[in-house]
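Here is a friendly walk through one protein model and its ligand. Have a look at the chain first, and then we can go through its parts together.

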Amino acid sequence: MAKVVLLPGDGIGPEILQEAKKVIHAVAKASQAEIDMQEYPIGGGAFDEFGAPLPQHTLEAAQKADAVLLAAVGGPKWDTLPGHQRPEKGLLELRKGLNAYANIRPVRCFSSLVGASTLRAEVVNNVDLVIIRELTGGVYFGEKKRWTEEQRFALDTLIYSEEEVRRIVKVGFETARQRRKHLTSVDKANVLDSSRMWREIVEEMKVDYPDVTVSHMLVDNCAMQLIRNPGQFDVVVTENMFGDILSDEASMLTGSIGMLPSASLGDQAGLYEPIHGSAPDIAGKGIANPCGIILSTAMMFRNSLGLSEYADKIEQAVNEILEEGYRTADLAGNDTDPSKILSTSAMGDRIVQKLVG
Ligand code: NAI
Ligand code: MG
């Protein structure tokens, strides 16, 4: 029996997770796979109830699971908490606790959503790239400090070991090898020592992948190229913070941040989550887009549960529903038929109907 740990979290988290659960139930039924789903607390709600954003029993369950599906954490209610108690800290601890160092973020523009992007159709047409973000190192995990002398000071440390860089760059090369065989390594080697080491390591490793072409790009240029000509990218590999920022930017190529899934892989359970946050501005309204978490569920079936056939079916179902013109509010434009603007749960239901129909 496959064990899946579900982490609803805060804000729109529980609303979108509900839709992912419908999809998992439908796949379990169709495939006759036995899937045991258990929910655990994480984030601000977990802090309120258990005094910690990642309670010990949540971490232990995640470490024993085959896969972990997380919706989102955070919200204004917890913004004034000290760093170690904040909801986002729970997420960082979970990623670290699962050693989920490779965050894989496919960025694809569904053809029916070309018009939903703020960019011109010819720019976003055929966008199909993957951002591979290092997830358990870098400045988010380095030493932090605040102190006051005559004025306030704050310190964050960007540190990487060779091993951390090698293992993520390897994921970059291997992924490129299975796709269009082009790897763009993104850094800030004109300024940062950690980036210069990163670049050296990529250069050393490329001899083992003669079939993959490699280019290095500075992160600021990459930010620009992503919206100038995203079609030039196949696989992008980069460190934690650059990957965080570039993938939010890249989401705009697809129409909405609510569309993008991710998988975070390491040597334990895979962690699957949409790339967006808890969207406090729309929480409780029933209008959040569940596609990001549903597509993350597809990645879970493919990478952790050995059911790639159903992963393909889920992606196909999402595509067909969009082709039929159905939209959640974030994707709706002036040309959207108002009768086709769906709530979170109606969108989930449509996708499930396609899946089982
Ligand atoms: P956000 O991603 O939650 O929201 C940014 C904008 O996108 C908002 O206008 C929101 O309404 C919209 N949006 C996000 N997801 C959507 C969806 N599924 N459907 C429709 N619209 C959607 O980022 P924000 O506002 O910067 O952060 C809000 C909270 O979420 C903060 O506490 C932040 O720390 C946390 N956060 C958590 C993450 C996680 O749990 N993985 C990731 C990013 C932020
Ligand atoms: Mg982000």
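## Asp220 and the annotated sites

Asp220 lies in helix α8; helices (H or I, at least four residues) and strands (E, at least two) are DSSP runs, numbered from the N terminus. This is a predicted model, in which local features need pLDDT of at least 70, side-chain atom pairs count only at pLDDT 80 or more, and totals for chains, interfaces and linings use all residues. Residues are numbered from 1 along each chain as its sequence is written, while chains are lettered from A and ligands numbered from 1 in the order in which they are written.

An unreviewed UniProt entry places a "binding site" at Asp220, Asp244 and Asp248. These residues span 29 residues in sequence, yet no two of their C-alpha atoms are more than 14.3 Å apart, so they gather at one spot. UniProt (unreviewed entry) also lists Arg95, Arg105, Arg133 and Asp220 under "binding site". That set is spread over 126 residues of sequence and is also spread in space, with up to 26.5 Å between C-alpha atoms. Arg133 is found in strand β5. UniProt positions are given in the numbering used here, feature names are shortened, and annotations may be inferred rather than shown by experiment.

## The sheet and its helices

Strands β3 (residues 67-72) and β12 (residues 270-274) run parallel and are joined by three bridges. Leu69 has Tyr272 as its bridge partner in β12.

## Two domains

The chain is divided into domain 1 (1-106 + 258-357) and domain 2 (118-254), with bounds from an automatic or database domain assignment. Their centres, taken over C-alpha atoms, are separated by 24 Å. 15 residues of domain 1 are in contact with 15 residues of domain 2, contact meaning C-beta atoms, placed from the backbone, within 7 Å. On the side of domain 1 that touches domain 2, β4 gives the most, with five residues.

## Around ligand 1

Which residues come nearest to ligand 1? Of the 21 residues around it, these are Gly74, Gly258, His276, Gly277 and Asn289; a residue is near if its C-beta atom, placed from the backbone, lies within 6 Å. The shell divides into nine nonpolar, eight polar and four charged residues. Ala, Val, Leu, Ile, Met, Phe, Trp, Tyr, Cys and Pro count as nonpolar, Asp, Glu, Lys and Arg as charged, and the others, Gly among them, as polar.

Technical notes:
Two strands pair if DSSP finds at least two bridges between them. Two residues are in contact if their C-beta atoms, placed from the backbone, lie within 7 Å.
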